[in-house]
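Trainee: I am new to this structure. Could you take me through some of its parts, one question at a time?

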Amino acid sequence: MSSLPLVAVVGRPNVGKSTLVNRMVGRRMAVVEAKAGVTRDRREIPAKWNEREFIVVDTGGWELSPQDELVADIRGQAEVAIATADVIVFVVDVQTGVTADDAGVVDMLRQATVPVLVAANKVDGSKHDYLVADLWSVGLGEPVGVSALHGRGSGDLMDRIIKLLPAKTDIGDESPVATLAILGRPNVGKSTLLNQLAGEERVLVSPIAGTTRDPIDMLVDMDGEPFRIVDTAGIRRRSGSVDKGADYYAVMRARKAVAEADVALLIIDGHEGATFQDQRLAQEVADAGAGLVILANKWDEADIEEREETLSSIGDRLAFAHWAPVLTMSAKTGSKVGRIGGAVRLSLENRRKRIPTGELNRLIRQWQQMHPPPVRKGRRPKILYAVQSGVEPPEIVLFVSGGELAADYLRYLEGKVREHDDYTATPVWITPRSRQTQLRRN
């Protein structure tokens, strides 16, 4: 786990916590919307101020009397963040004043064993300055007037936070860890899987689709090896309801997580099988060059017919990603979840493979002689030279004369590369370049 100090930002719903978090980290990381309940989980975001690094923990709104189970879980996540923090920032809306929910947070914070700062938010101009003094009454020390929206007073708040952080220790160089993105349609078990891997209720789980909006970042140990895992929002089919607001930004962040992942864990519902949306998600992973492991979830609940249809649909809809292993499991019970680590390590190993140039050209000549490229427009292309230009994923560049290689011939070559060595769980990119194009560029 990260050894950086934790700064938890807490408060009742809709007082501007996520806006303040975005101000603290210097970029729009937390989803912000003008209604309560947009932030559901506690989310950890790296931050830096005056050369001091720390982690900002964005939490959902704390309510004194939650009206449903989901709101109660949000409150529980906020309380966990408080219990693990090194510094707590309590956000209050000065224009509204101290409410019953605020008072409930205060009662809890008085029991805290770490420093607490009161951030008097929405001091959007000098006309609101006098309201800050009223927050002395909560008994948590001197309040700091800020405007999270406009940035007013945020530097003073950050200076105060830095002074309260625990002494900096020399932690040495931390080895980089691989990033795994958990993907899938809404309510297929992504958050349940992350909780299972983490060994704790780290992320809210609810039958309500869309509970996760921000990607949730955390370090998880699998078989003695750390991995950074991102639990993303469920990516829905494009529709007018997702083209605006918090859901839209949540989907954009999920897609960003795919672009940054080393390996994606795509969860398929074992009852429903692979859908068109799953197909689109797998294509996004392949296009991004990430490794891919397909997880058929809820396997213990699916009957024989559902299992057969699920495997058949994966083979049909995800045929273009035939190289991705398919693991059956139950995120809820943990059955067969232990196999994921091995599949991920295999993907990471295969993504780094490289074929020496001499060997690659010998193989290409052999494959070309066995099955020459088909004639196109009266001309037969010829591969003159090949080189592996990169890894993660492996990419092979072919220098071609006499026309263009058809897509089916590129698939043939990819198949031969995969026969030559094991490239399970990783895409292999084969890119043709015409000799004429190279001459024109030179």
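The questions below go through a helix, a pair of helices and the aromatic pairs.

Mentor: Keep in mind that this is a predicted model. Ask away.

Trainee: How many of the residues of helix 1 are buried?
Mentor: Helix 1 spans residues 17–25. Its buried residues are Lys17, Ser18, Leu20, Val21, Asn22, Met24 and Val25. Helix 1 is thus mostly covered, and the count is 7 of its 9 residues.

Trainee: What covers the buried residues of helix 1?
Mentor: Look for parts in contact with them, with heavy atoms within 4.5 Å. Among the strands are strand 1 (6–10), strand 2 (43–49), strand 3 (52–58), strand 4 (87–93) and strand 5 (116–121). The cover also includes helix 5 (154–164).

Trainee: Is the crossing of helix 11 and helix 12 left-handed or right-handed, and what kinds of residue make the contact?
Mentor: The crossing is right-handed. Helix 11 brings Glu359, Leu363, Ile364, Trp367, Gln368 and Met370, and helix 12 brings Tyr409, Tyr412, Leu413, Lys416, Val417 and His420. These residues divide into 8 nonpolar, 2 polar and 2 charged.

Trainee: What parts does the aromatic pair of Tyr385 and Phe399 tie together?
Mentor: The structure holds 2 aromatic pairs. This one is tilted, with 6.2 Å centre to centre and 40° between the planes. Tyr385 lies in strand 13 (residues 382–390) and Phe399 in strand 14 (residues 395–401), so the pair ties together parts that are 14 residues apart in sequence. The parts are strand 13 and strand 14.

Trainee: Is Phe399 buried or partly exposed?
Mentor: Buried means under 20% relative accessible area. Tyr385 has 40% relative accessibility and counts as partly exposed. Phe399 has 22%, so it counts as partly exposed.

Trainee: What separates Tyr409 and Tyr412 along helix 12?
Mentor: Tyr409 and Tyr412 form a tilted aromatic pair, 5.2 Å centre to centre with 45° between the planes. Both are buried. Tyr409 and Tyr412 are 3 residues apart in helix 12, so the separation is about one helical turn.

Technical notes:
Residues numbered from 1 in each chain as written. Predicted model: local features only at pLDDT ≥ 70, side-chain atom pairs only at ≥ 80, totals over all residues. Heavy atoms only, no water. Left-handed = near helix turned anticlockwise from the far one by under 90°. Helix = DSSP H or I, 4+ residues; strand = E, 2+ residues; numbered from the N terminus. Nonpolar A, V, L, I, M, F, W, Y, C, P; charged D, E, K, R; others polar. Phe/Tyr/Trp six-rings, centres within 6.5 Å; stacked < 30°, edge-to-face > 60°. Buried < 20%, exposed > 50% of the residue type's maximum accessible area, 1.4 Å probe, protein only.
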